[in-house]
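Reader: I would like to discuss the aromatic rings in a protein model. Could we look at it together?

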Amino acid sequence: MDAGKGLDRQIQKSAVSRQPAACSKVLEGNSTQASEKIQTKAVNSWSRNYTHFVSLPLVYPGLVEKLIHFKNRITTELGIDETVFNKLGSLHLTVRMLELGSEGLLKKATEVLRSVSPKLWDALDNRPVFITLKGLDLMRGSKEEAFIIYAPVEEIGGEGRLLRACQVITDALVDAGLAEKDAEYELKLHVTLMNAAFKRRERRSDEVVPFDARGIFEWYDCEKWGEFPIREAHLSQRGKFDENGYFHCCALIPFPQHPNLP
């Protein structure tokens, strides 16, 4: 059993306080038609032959603990199937999806990411970058018939350094001929919490059945999930996990770190 599944099964019964309505939203490159673009990308990420992706890991104990309570309350009080929840051991932000169908392409992508580190640090002004996760939003469907629920991301300080760093990675991959198709979509950093397609994957069925998310939004629409540093970017392999439960890491770019953080 991988560590991600182990985390998912650590659920303890706990009451979570109700949250008021109306809150802020998402860190994105361009808000114009962003919702439609991210919906299209969400669909295509399942239909295309993506093998790898660039991820920003977000497996922090404080976030995992909150999401354990989130999952427990929703499954027990609202009767939502637990298979639609994301694995807690693999929480992340997605920068770009990649089709690396050969060892040669994988090696090329690894070299590109490792070589781009100095430009990435320049984009970050050689300083650590932190994000905050607040509330919930939909990618597809409605609250009555939801397909994907995610937590929007905001960069603390609002300087746009994280998006600039992600653009450095994207440009390098595009210049190398590795990400032209995915780069057609605007980047919208987010953390997927629930996806009806996960249930399809578990049951090996082509049917994706939406779920009723009205109660979820009533309770968690403005939930403050926490503030977290972005420590590194990974070239991650889809469907394969390391011993820690996170996606298999093929290459890693460290981010500037705060000296007082462990």
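Reader: Is Trp-225 buried or exposed?
Author: Trp-225 is buried, with a relative accessible area of 3%. Buried means under 20% relative accessible area, exposed over 50%, and partly exposed in between, using a 1.4 Å probe and protein chains only. Please note that this is a predicted model, in which local features need pLDDT of at least 70, side-chain atom pairs count only at pLDDT 80 or more, and totals for chains, interfaces and linings use all residues. Residues are numbered from 1 along each chain as its sequence is written, and side-chain values use heavy atoms, with hydrogens and water left out.

Reader: How many aromatic pairs are there?
Author: The count comes to eight aromatic pairs. Rings of Phe, Tyr and Trp (its six-membered ring) pair if their centres lie within 6.5 Å; planes under 30 degrees apart count as stacked, over 60 as edge-to-face and the rest as tilted. One of the pairs is Phe-70 with Trp-225, edge-to-face at 5.3 Å centre to centre and 90° between the planes.

Reader: Where in the chain are Phe-70 and Trp-225?
Author: Phe-70 is in helix H3 (residues 61-77) and Trp-225 is in strand S8 (residues 224-229), 155 residues apart. Helices (H or I, at least four residues) and strands (E, at least two) are DSSP runs, numbered from the N terminus. Phe-70 is buried too, at 2% relative accessible area.

Reader: Why is the pair of Tyr-246 and Phe-247 edge-to-face?
Author: Their planes stand at 80°, with the ring centres 5.6 Å apart, so the pair is edge-to-face.

Reader: Which residues do ring pairs link into a cluster?
Author: The cluster consists of Phe-53, Phe-241, Tyr-246 and Phe-247.
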